[in-house]
Amino acid sequence: MIDIAIPLFLVVCGIAVLFVRGLFSSIMIFSVYSLVMAIEWVRLNAVDVAITEAAVGAGISTVLFIIILSRTKYVDEGKHMNIPALLVSVSVAAVLLYGTLDLPNLRDPNIAPNTHVTPYYLEHSYEETGQLNVVAAILASYRGYDTLGETTVVATAGFCLILLLRGSNRRQGTKDSQKRTGSRT
Amino acid sequence: MVNMFELATIIIVLAAVLVLYRAVVGPFVFNRILSVNFLGTKTVVILLLVGFMYDRPDVFIDIAIVYVLINFTAVLAFLKYVESGRLD
């Protein structure tokens with residue numbers, strides 16, 4: 001019952017994000033969507049993914065969306081259907097759903113992910129890396145170069161974001177710096 | 001027989017649907033902010049009930065505290081945006 005109820009609530013949240021009036025309301029309902037998505041990760045026993053989803057989806061990206069909303073101007077053009085965009089979205093979703101039909105049954109112990117490398121990691125990760133947590137051992141030790149590239153990409157994105165936000169701040173600052181310093185002193 | 005915790009979770013999800021209706025329709029922005037805060041609370045309660053279903057509530061209490069803090073941060077950001085129109 002819960003396996004039906006919570007994903008259904010998730011779908012309702014996603015549709016509500018699209019059809020609610022105003023971007024600010026969409027951001028608010030999107031943060032609710034992220035929290036419910038995090039519950040679903042916990043239901044699937046992926047606790048670390050759930051904490052990441054809650055922190056990034058509901059926390060940081062909500063605040064970032066509000067910052068973007070306060071720095072930009074937008075015009076509410078009302079509701080109108082964009083038929084080609086709708087067709088592209090529906091066909092991409094259909095292709096992705098068709099792709100999930102080829103996924104193996106994860107509870108089957110004989111599929112490749114459960115027989116190929118996972119038993120090796122479970123047996124040898126403590127001797128080879130000295131990490132107590134197998135997930136941390138795979139992420140930080142076995143996939144060292146992979147994670148290094150990932151960290152570089154994320155750090156570059158963070159720097160770009162800081163530069164963007166600071167740049168707009170400085171431009172506004174020169175315009176009304178007189179007013180601000182006058183009010184402070 | 002349906003599990004007690006499962007029944008409670010489904011009732012809370014139904015209550016959350018009503019609150020989501022108010023968040024979508026809600027005529028004023030304060031209706032929406034209150035609904036989002038309320039839905040965050042409901043999320044934490046559902047999380048704890050799932051923890052009791054899995055027979056390890058001690059782990060899930062830690063995650064629930066993280067969720068409460070994150071939801072609090074988001075609601076603070078909403079309120080500050082509504083109050084002053086900017087976040088910095």
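This is a predicted model: local features need pLDDT of at least 70, side-chain atom pairs count only at pLDDT 80 or more; totals for chains, interfaces and linings use all residues.
A search of the whole structure, taken over all chains, finds seven aromatic pairs. The rings of A:Phe30 and A:Tyr33 form a stacked pair, since their centres are 5.8 Å apart and their planes stand at 10 degrees, and planes under 30 degrees apart count as stacked.

**The pair in helix α2 of chain A**

- A pair of aromatic rings is described by two quantities, the distance of the centres and the angle of the planes.
- Both A:Phe30 and A:Tyr33 lie in helix α2 of chain A, which covers residues 23-43, and they are three residues apart, or about one turn of the helix.
- A:Tyr33 also counts as partly exposed, because its relative accessibility is 25%.

**Other aromatic rings**

- A:Phe24, B:Phe78 and B:Tyr81 are linked into a cluster by ring pairs.
- In chain B, the ring of B:Phe38 has the charged end of B:Lys42 sitting over it, at 4.2 Å from the ring centre.

**The cavity**

- Empty space left between atoms is shown by rolling a probe the size of a water molecule over them.
- The count comes to one cavity of 30 Å³ or more, and the space in the largest cavity is about 70 Å³.
- Its lining is made up of A:Ile6, A:Phe9, A:Val32, A:Val36 and A:Ile39 from chain A, together with B:Val13, B:Ala16, B:Leu39, B:Lys42, B:Thr43 and B:Ile46 from chain B.
- The elements that give two or more residues to this lining are α1 (2-19) and α2 of chain A, along with α1 (4-25) and α2 (29-53) of chain B.
- Helix α2(B) supplies the largest share of the lining of the largest cavity, namely four residues.
- Sorted by class, the lining of the largest cavity has nine nonpolar residues, one polar residue and one charged residue.
- B:Lys42 is among the residues that line the largest cavity, and the charged end of B:Lys42 is also the one that sits over the ring of B:Phe38.

**The second largest pocket**

- The second largest pocket holds about 260 Å³ of space, and it is lined by A:Leu44, A:Asn105, A:Leu106, A:Arg107 and A:Asn114.
- By class, the residues lining the second largest pocket are two nonpolar, two polar and one charged.

Definitions and conventions:
Residues are numbered from 1 along each chain as its sequence is written. Chains are lettered from A and ligands numbered from 1 in the order in which they are written. Side-chain values use heavy atoms; hydrogens and water are left out. On a 1 Å grid over the protein atoms alone, a cavity is a set of points where a 1.4 Å probe fits but cannot get out, and a pocket is an open set with protein on both sides within 12 Å along at least five of seven lines; lining residues have an atom within 4 Å of a point. Grid points are joined across faces, edges and corners, and a volume is the space filled by probe spheres set on the points. Ala, Val, Leu, Ile, Met, Phe, Trp, Tyr, Cys and Pro count as nonpolar, Asp, Glu, Lys and Arg as charged, and the others, Gly among them, as polar. Rings of Phe, Tyr and Trp (its six-membered ring) pair if their centres lie within 6.5 Å; planes under 30 degrees apart count as stacked, over 60 as edge-to-face and the rest as tilted. Buried means under 20% relative accessible area, exposed over 50%, partly exposed in between (1.4 Å probe, protein chains only). A charge sits over a ring if NZ of Lys or CZ of Arg is within 6 Å of the ring centre and within 35 degrees of the ring normal.
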